[in-house]
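Please look over the sequence and the structure first.

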Amino acid sequence: MPMLAIVALSATFLAPFTARRSATLNALNDRSKHLILNAPDVQQFATLEAASFEESQVLGTQLADILAASCANGETMPAEAVTALRSLVSTTPGARGWFVTLLTDERYDVVFKPPLDPELLRAIEASPEPNLKLLTKNVAMSTATELVHVANGSEDLAAASRLTRDRSKVLLNALLPRMMGLAEEVQRLRTAVVPWKDDAPPESADKEWVEFTKKWKYGAEQRAAIKAVLDELLAPFDEVVPSGLWKSPEIWALVGYGVYALVTGQDPVFCPDGPTNPRNFVVAKAVTALALAGGAGVVAA
């Protein structure tokens, strides 16, 4: 990747750790209480549609401080801050400013300890545009950038990229089951980073995401690394039989009935009159098996 692209990528998505101030948990609590009780900054940005990327980073830091303190105290984000956050992430500059702050500052580790604050998740999923693509880009770009920094021997910058990638994965894992369209967006990116033949993407690759990979000049190694991360994130959605299905009481009821019908030769639900001859007996077994398969499909859906 050319250095110009690397610098642009790092400047856009990775804030240098050395430029961040360190703070204790008490300092976070004190600052957050001040912002909640004397909140001119939050009120000033109650509607943030016109906020620039730079302004969004300023407010994003204040809101992230509040969120981190709330998480540390086992509380949800205060209502005033949630209102501001919803407005902030409803625009592209606002959402970018928020993610740049939240994903890169080491002070916010507590925010990413599951379960994540439901107010944070609701604020993000309330605005599919622009967050579907930004969430997907965050994990892709940090994954690719880590490889560049490792190749250049820049361990500090590589660690920053890993932090962003890991936090992006936590956020995506929390949002994928609940945010409409997110799994589909991540899947579209995955089609663009499957192995290319003769340096050309497959016909089935999403054109917009292919252009994204070309814009940042991602090579085969970077595309493969991105795909590995996306495969991990999408694994629950790729399963033919979801792993959670086997914990369902409905499926065990179906299995139990099937065993009963096969052992006793009685099928009071699907063949209440019972088979009258060997041929009908075979048909009854087949009907039972098909019914069980159909029931399992309904439960899985």
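## Helix packing in a predicted model

Helix 4 passes helix 5 in a left-handed crossing. The model is a predicted one. The residues that make this contact are Ser56, Leu59, Gly60, Leu63 and Ile66 on helix 4, together with Ala81, Ala84, Leu85 and Leu88 on helix 5. By class, the contact of helix 4 with helix 5 has seven nonpolar residues, two polar ones and no charged ones.

A second pair is formed by helix 8 and helix 10, and their crossing is right-handed. Helix 8 contributes Leu132, Lys133, Leu135, Thr136 and Ala140 to the contact, while helix 10 contributes Leu182, Glu185, Val186 and Leu189. Six of the residues in the contact of helix 8 with helix 10 are nonpolar, one is polar and two are charged.

Two packed helices are described by the angle between their axes and the distance between the axes. The table gives both values for each pair.

| Helix pair | Angle between axes | Distance between axes |
|---|---|---|
| Helix 4 (residues 53–72) and helix 5 (residues 79–88) | roughly 145 degrees | within 11 Å |
| Helix 8 (residues 128–151) and helix 10 (residues 182–193) | about 45 degrees | 9 Å |

Helix 8 and helix 10 pack at about 45 degrees, and they are therefore oblique to each other.

## Helix 6

Helix 6 covers residues 92–104, and at 1.5 Å a residue its 13 residues should span 18 Å. The C-alpha atoms at its ends are 18 Å apart, which agrees with that expectation.

Is helix 6 largely enclosed by the rest of the structure or exposed? Ten of its 13 residues are buried, so helix 6 is largely enclosed by the rest of the structure. The buried residues are Gly94, Ala95, Gly97, Trp98, Phe99, Val100, Thr101, Leu102, Leu103 and Thr104.

## The protein as a whole

The protein contains 14 helices and zero strands. Along the sequence, its pattern reads α-α-α-α-α-α-α-α-α-α-α-α-α-α. Of the 301 residues in the protein, 45% are buried.

How much of the contacts with a separation of 6 or more comes from residues 24 or more positions apart, and what percentage is it? Such residues account for 73% of those contacts in the protein.

Key:
Residues numbered from 1 in each chain as written. Predicted model: local features only at pLDDT ≥ 70, side-chain atom pairs only at ≥ 80, totals over all residues. Heavy atoms only, no water. Axes fitted to C-alpha atoms, helices over the stretch in contact; angles between N-to-C directions. Helix = DSSP H or I, 4+ residues; strand = E, 2+ residues; numbered from the N terminus. Parallel < 35°, antiparallel > 145°, perpendicular 65-115°, else oblique. Left-handed = near helix turned anticlockwise from the far one by under 90°. Contact = heavy atoms within 4.5 Å. Nonpolar A, V, L, I, M, F, W, Y, C, P; charged D, E, K, R; others polar. Expected span 1.5 Å × (residues − 1). Buried < 20%, exposed > 50% of the residue type's maximum accessible area, 1.4 Å probe, protein only.
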